[in-house]
Amino acid sequence: MTVAAKKRKLSDEGGAVFDRELDDLPQDLRWREWMGRIEAVLFASASPVSREDLARVVGQGASVEMLIEDIRAELVGRPYELAQVAGGWMFRTRTQFADAIKAAADLGDQSLAFTEMEMGVLCAIAYHQPIDRAGLKDIFGKEVSRDLLARLRYKDLIASGPRSPRAGAPHTFVTTETFLVSFDLGSLRDLPELQLERDEAGVIIP
């Protein structure tokens, strides 16, 4: 009895068997089925899906990266794409359709609208994490308000990091997966090279 036949027999007997290998299919149909599985998993997820999770639905000899590339090739000319963000992949609408989506959904100017100070603090945390409020004060030359940090937390862009080695062991701040997704970053290594400037008072501007 072939492996595929054994799997079908177990399934007929009520066993919960998920056939990853698809040995009973010709190679081209097997590849197409794996592409469909990966696309379905990504479509059903609202957050990036890791390579490890995608590998669970395809055969051991299948390259997740090659399957992703074949799916991407089929999406050329479509209003959405497969983006690699936050250590995984997810479907994203192409940027040129942002205005159409906002108009249809009446989204207005909500979502990730930042004040200049909020963006500055978010950048400082991204480049210097983990960093506490004292560290942020060193960068900006003034206290960063708890309300501002709370707003960034509310948007799920920052979270608590490890305790600082400073006296009193204050909490530090780090960026989140939502931060990576929001700014189309695969990881923090994809942050653009930091260029520091100083204002007229000599304060570093990240």
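Predicted model: local features only at pLDDT ≥ 70, side-chain atom pairs only at ≥ 80, totals over all residues.

Residues are numbered from 1 along each chain as its sequence is written, and side-chain values use heavy atoms, with hydrogens and water left out.

**The cores**

A nonpolar core here is a set of buried Ala, Val, Leu, Ile, Met, Phe, Trp, Tyr and Cys residues joined through side-chain atoms within 4.5 Å. Buried means under 20% relative accessible area, exposed over 50%, and partly exposed in between (1.4 Å probe, protein chains only). The largest core has 25 residues, and Val 121, Ile 125, Leu 136, Leu 149 and Phe 179 touch the most other members. Two or more residues come from each of strand S2 (80-85) and helices H6 (116-128), H7 (133-140), H8 (146-154) and H9 (177-182); these are DSSP runs numbered from the N terminus, helices being H or I of at least four residues and strands E of at least two. H6 gives the most, with 5 residues. Apart from this core lies another, of 19 residues, among them Ile 38 and Trp 89.

**Helix H8**

Leu 148, Leu 149 and Leu 152 of H8 are buried. Seen down the helix axis, the buried residues fall within an arc of 95° (taken from the directions from the axis to the C-beta atoms), so they line one face of H8. On the other side, Arg 146, Asp 147 and Tyr 154 are exposed. Just after H8, Asp 156 takes a positive phi of about 60°.

**Aromatic pairs**

The structure holds 4 aromatic pairs. Rings of Phe, Tyr and Trp (its six-membered ring) pair if their centres lie within 6.5 Å; planes under 30 degrees apart count as stacked, over 60 as edge-to-face and the rest as tilted. Two of them are tabulated here:

| Pair | Centre distance | Plane angle | Type |
|---|---|---|---|
| Tyr 80 and Phe 91 | 5.9 Å | 85° | edge-to-face |
| Phe 114 and Phe 183 | 6.3 Å | 25° | stacked |

Tyr 80 is partly exposed at 28% relative accessible area, whereas Phe 91 is buried at 18%. Phe 114 is partly exposed at 22%, and Phe 183 is partly exposed at 32%. Ring pairs link Phe 114, Phe 179 and Phe 183 into a cluster.
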